[in-house]
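Keep the sequence and the model open side by side.

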Amino acid sequence: MKRNIIITGGAGFIGSHVVRLFVNKYPDYHIINVDKLTYAGNLANLADIENKPNYTFIKADICDFDRMLELIRQHNVDGIIHLAAESHVDRSIKDPFTFAKTNVMGTLSLLQAAKVHWESLPEKYEGKRFYHISTDEVYGALELTNPEGIESPFTTTASSKEHHHAYGSEFFLETTKYNPHSPYSASKASSDHFVRAYHDTYGMPTIVTNCSNNYGPYQFPEKLIPLFINNIRHRKPLPVYGKGENVRDWLYVVDHARAIDLIFHKGNVAETYNIGGFNEWKNIDIIKVVIRTVDRLLGNPEGHSDELITYVTDRAGHDLRYAIDSRKLQKELGWEPSLQFEEGIEKTVRWYLDNQAWMDNITSGEYERYYDDMYKNR
Ligand code: NAD
Ligand code: DAU
């Protein structure tokens with residue numbers, strides 16, 4: 001079947017994995033990557049597929065309604081997978097306006113452009129899909145009722161085999177009330193509400209998914225794992241916020257992309273699906289895994305980089321624990337991640353060490369200013 005699909009934010013971390021998967025797996029689909037190429041967008045993430053005949057890149061801003069309408073019309077788009085966003089919590093604390101603009105107004109302009117075009121067609125919304133990628137952060141934060149960790153009651157194949165902990169008895173369900181705390185999560189929550197409103201008001205076939213923390217190749221080194229790998233390589237301090245006790249649920253990015261593929265094709269309209277690996281880690285524990293893996297792969301003696309750990313001022317409003325319950329997706333659509341955590345983290349660290357040119361290109365100039373501004377007074 002032929003389809004014309006816009007993927008927004010396809011030059012970013014997760015978007016580039018989604019674009020790659022769709023371009024390679026569906027030669028009959030025309031995949032149109034719409035990305036503004038902000039600091040986080042990088043066409044080098046897609047060098048391996050850029051010349052494929054079913055792929056087009058378009059540099060455009062999702063906030064530009066006229067341009068979005070023109071693109072959707074011109075390419076007769078029948079599916080939109082929307083990932084473009086400002087994605088880093090620390091930046092949202094310094095500059096909330098940009099987050100409201102891109103995440104809220106950008107999503108709204110894309111929704112409205114799709115509505116105008118699809119409603120102008122004889123078949124209207126039939127065969128159309130607007131799929132919005134959201135985050136577990138919209139649900140707020142969970143308590144750390146088991147600070148030492150108990151055996152997790154649930155697993156996926158992504159769960160760690162060595163470290164199988166849950167740090168509380170509660171998990172985020174698709175029905176959990178929204179309770180965002182950071183400007184980032186408030187902007188994502190708002191965009192999720194707009195997407196659902198377009199279904200409820202106009203009948204647009206929408207889907208929303210909320211995923212936990214992703215890790216893997218091509219992640220911008222403002223995020224914990226690539227930032228720490230890069231700092232270890234340069235023998236720079238590793239800035240651990242607060243006591244390092246915050247808990248995140250980590251999923252390998254390709255498994256998120258596989259879930260997006262499955263849900264785009266088989267998910268039910270107007271539904272929400274949570275995506276996560278049942279793979280909870282305290283920051284300090286995952287940091288130790290990263291340090292151990294980098295040291296081993298660089299041939300350093302065990303414990304060589306432990307001295308770089310530096311406790312710094314906590315993130316304002318730092319959410320304590322995120323833990324996604326993804327059993328609905330497992331049961332209803334049969335999703336299972338492909339990689340166990342130990343395999344995923346090994347692949348990830350290896351990728352960053354093998355692709356130092358990719359990292360060096362990003363971490364010069366503007367990034368140095370960002371780093372100073374974010375970390376010098378912590
Ligand atoms: P990212 O910051 O790596 O990439 C974002 C991309 O969006 C970049 O390519 C950027 O150029 C583009 N973009 C930004 N503003 C734009 C605009 N106005 N118009 C067009 N393009 C624009 O982000 P990511 O980590 O890949 O996250 C992608 C999506 O997934 C986001 O919506 C994010 O909220 C969501 N998400 C991320 C995670 C995670 O762990 N990274 C987890 C769950 C959900
Ligand atoms: O949960 C999904 C979310 O995961 C996504 O919606 C966001 O787009 C994505 O950025 C990510 O948000 P986090 O804030 O959890 O990711 P980050 O990598 O910034 O931080 C992970 C944890 O590590 C968090 O508790 C803060 C801590 N941290 C982070 C950095 C950058 C540190 O201790 N030191 C650091 O330097």
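β2 and β3 run parallel and are joined by 5 bridges. Strands here are DSSP runs of E with at least two residues, helices are runs of H or I with at least four, and both are numbered from the N terminus. Two strands pair if DSSP finds at least two bridges between them. Within this pair, V34 stands opposite I58 in β3.

A note on conventions. This is a predicted model, in which local features need pLDDT of at least 70, side-chain atom pairs count only at pLDDT 80 or more, and totals for chains, interfaces and linings use all residues. Residues are numbered from 1 along each chain as its sequence is written, chains are lettered from A and ligands numbered from 1 in the order in which they are written, and side-chain values use heavy atoms, with hydrogens and water left out.

Now widen the view. The β2 and β3 strands belong to an open sheet of 7 strands, ordered β3-β2-β1-β4-β5-β8-β12, with parallel pairing. β3 and β12 stand at the edges with a single partner strand each, so one side of each has no neighbour in the sheet. From one strand to the next, the twist averages 20°. Angles run from 0 to 180 degrees between N-to-C directions, and axes are lines fitted to C-alpha atoms, for helices over the stretch in contact.

Move to β5. Towards β4, the pairing is parallel and uses 4 bridges. There, I81 has Y131 of β5 as its bridge partner. Towards β8, β5 pairs in the parallel sense over 6 bridges. F130 stands opposite T206 in β8.

How enclosed is β5? Of its 7 residues, 7 are buried, so β5 is largely enclosed by the rest of the structure. Buried means under 20% relative accessible area, exposed means over 50%, and partly exposed lies in between (1.4 Å probe, protein chains only). In a regular strand the side chains alternate between the two faces of the sheet. In β5, R129, Y131, I133 and T135 point one way, while F130, H132 and S134 point the other way.

β8 (residues 206-211) and β12 (residues 272-275) run parallel, joined by 4 bridges. T209 has Y273 of β12 as its bridge partner. T272 and N274 point one way from β12, Y273 and I275 point the other way, and all are buried.

Helices cover this sheet. α2 lies across β1 (3-8), β2, β3 and β4, and runs at about 165° to β3. Helix α5 (residues 183-202) lies across β5, β8 and β12, at about 155° to β5.

L37 sits in the loop between β2 (29-35) and β3 (55-59). Its phi is positive, about 55°, although L37 is not a glycine. With 25% relative accessibility, L37 counts as partly exposed. N76 lies in the loop between α2 (65-74) and β4 (79-82). N76 is not a glycine either, yet has a positive phi of about 45°. N76 is partly exposed, at 43% relative accessibility.

Turn to another sheet. This open sheet has 3 strands in the order β9-β11-β13, and its pairing is mixed. β9 (213-215) and β13 (280-282) are the edge strands, each pairing on one side only. Its neighbouring strands are turned by 50° against each other on average, direction ignored. β11 (residues 247-252) and β13 run antiparallel, with 3 bridges between them. R248 has W281 of β13 as its bridge partner. Helix α8 (residues 283-298) lies across β11 and β13, at about 90° to β13. Helix α10 (residues 341-354) packs on the sheet too, touching β9, β11 and β13, and its direction makes about 55° with that of β9.

Finish with a helix pair. The axes of α1 (residues 13-25) and α7 (residues 253-266) come within 9 Å and cross at roughly 55°. The two helices are therefore oblique to each other. (Angles under 35 degrees count as roughly parallel, over 145 as roughly antiparallel, 65 to 115 as roughly perpendicular, and the rest as oblique.) H17 is found in α1. H17 is buried, with a relative accessible area of 7%. Leaving out residues up to four places away in sequence, H17 touches P217, Y218, V253, V254 and A257. Contact means heavy atoms within 4.5 Å.
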